[in-house]
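Please open the model in a viewer and keep the selection panel at hand.

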Amino acid sequence: GALVAVKEDLLLTPGKQLLGYRIIRPIGAGGMGAVFEAEETTIGRRVAIKALLPELLSDERNIQRFEREARSMSLVRHPSVIDVFAFGKLDDGRPYFVMPLLVGRSLREELSRSGKFAPAAAWAVLREVGLGLAAAHKASVLHRDLKPENIFLADYDDAVRPILLDFGIAKWTEDASDPSSAPAANLTATGAPIGTPIYMAPEQWWSQPADATTDQYAFGIVLYELLAGRPPFFSSKYPEMLSLHLHSRPPALSEHGVIVSEAVTAFIEKLVAKDGQQRFNDMATVVAEGDRAFGFATGASLQRLRAELPLGAEQPASPKASLAEVGTAPTELAAPTASTSQPSWRVPLLVVLLW
């Protein structure tokens with residue numbers, strides 16, 4: 001969903017000082033938080049500050065989910081994952097966190113502008129995202145909502161770097177030996193699937209436990225969409241959408257006028273296998289196998305992407321469009337309901353609200 005204008009927030013008005021940062025202007029608001037451009041008062045560096053929306057403060061689950069998003073991102077140290085380098089609370093108790101202010105556009109914006117990606121450009125983007133996901137999984141963090149809106153193409157002088165955003169429904173895997181990966185609080189209704197329908201793996205539709213291969217499925221859907229200009233599974237009818245994800249193979253890319261090698265076709269089909277055990281062992285393997293399928297030389301992707309996507313040559317028409325995606329893409333969540341368990345064979349009708 002698109003960002004909306006930020007309602008007046010008396011605690012975050014232009015000129016307001018907090019934790020060494022001065023608020024400059026609002027950028028936009030998403031499902032959970034509003035994002036503001038700010039300046040670090042000591043050295044003048046521009047940053048983005050995301051704060052929980054005032055109307056969500058009354059529900060402790062919203063606070064926990066927002067804080068979990070900040071912690072999930074801070075746990076992952078990788079150039080392709082948005083960094084959180086400060087955290088605090090406003091006078092009314094709302095949490096906020098501070099991120100770099102990126103210049104560029106979201107992958108969704110770029111895809112809308114270009115229609116589809118050449119295979120080399122598509123893989124140049126997603127291999128960097130894959131490396132970021134590999135680092136997240138190593139830190140015991142699952143993203144669970146990978147989509148073009150949550151990938152930002154940051155424009156630097158020497159390269160275009162894809163940055164993974166929005167860990168709003170991230171999950172920490174349960175590893176008692178690692179205090180940073182303690183089980184996350186139950187912030188959604190029991191049995192209610194979470195995610196974005198076009199990119200949800202079968203296990204998400206069935207409300208089954210997610211693991212690292214769940215992110216692989218969404219990764220494969222996004223890769224297909226970049227190549228074909230549309231996702232493999234789409235329908236305006238909810239039952240058909242559900243059936244496609246649970247039972248159908250992705251249509252051949254040749255049906256969309258895209259010619260790729262058999263290795264690329266096999267690679268995508270393995271990523272979107274219905275059974276997670278039939279996908280790859282881990283994201284590091286995904287990147288290595290993708291490099292082989294696309295014929296990539298390791299280390300050349302960012303420069304290659306700069307040649308394919310010269311973002312600096314054409315900036316979005318609105319300044320807000322170039323900044324508004326920083327950690328703010330709203331996540332489609334089922335509405336809270338009574339915590340009645342659902343049978344494992346039944347997809348809850350609340351998924352319709354996601355759609």
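By what separation in helix 2 are Arg-113 and Glu-110 set apart? Select both: they lie three residues apart in helix 2 (residues 107-114), and are therefore separated by about one helical turn. Helices (H or I, at least four residues) and strands (E, at least two) are DSSP runs, numbered from the N terminus. The two side chains meet in a salt bridge (3.2 Å, N to O), a term for a side-chain nitrogen of Lys or Arg within 4 Å of a carboxyl oxygen of Asp or Glu. Arg-113 is partly exposed at 40% relative accessibility, whereas Glu-110 is buried at 2%. Buried means under 20% relative accessible area, exposed over 50%, partly exposed in between (1.4 Å probe, protein chains only).

This is a predicted model, in which local features need pLDDT of at least 70 and side-chain atom pairs pLDDT 80 or more, while totals for chains, interfaces and linings use all residues. Residues are numbered from 1 along each chain as its sequence is written, and side-chain values use heavy atoms, without hydrogens or water.

Next, select Arg-25 and Glu-37, which form a salt bridge with the closest N and O atoms 2.8 Å apart. The pair links distant parts of the chain, Arg-25 being in strand 2 and Glu-37 in strand 3, twelve residues apart. Arg-25 is partly exposed (22%); Glu-37 is buried (7%).

Finally, select Asp-92 and Arg-94, whose side chains form a salt bridge (2.7 Å, N to O). Arg-94 is buried at 2% relative accessibility, and Asp-92 is partly exposed at 34%.
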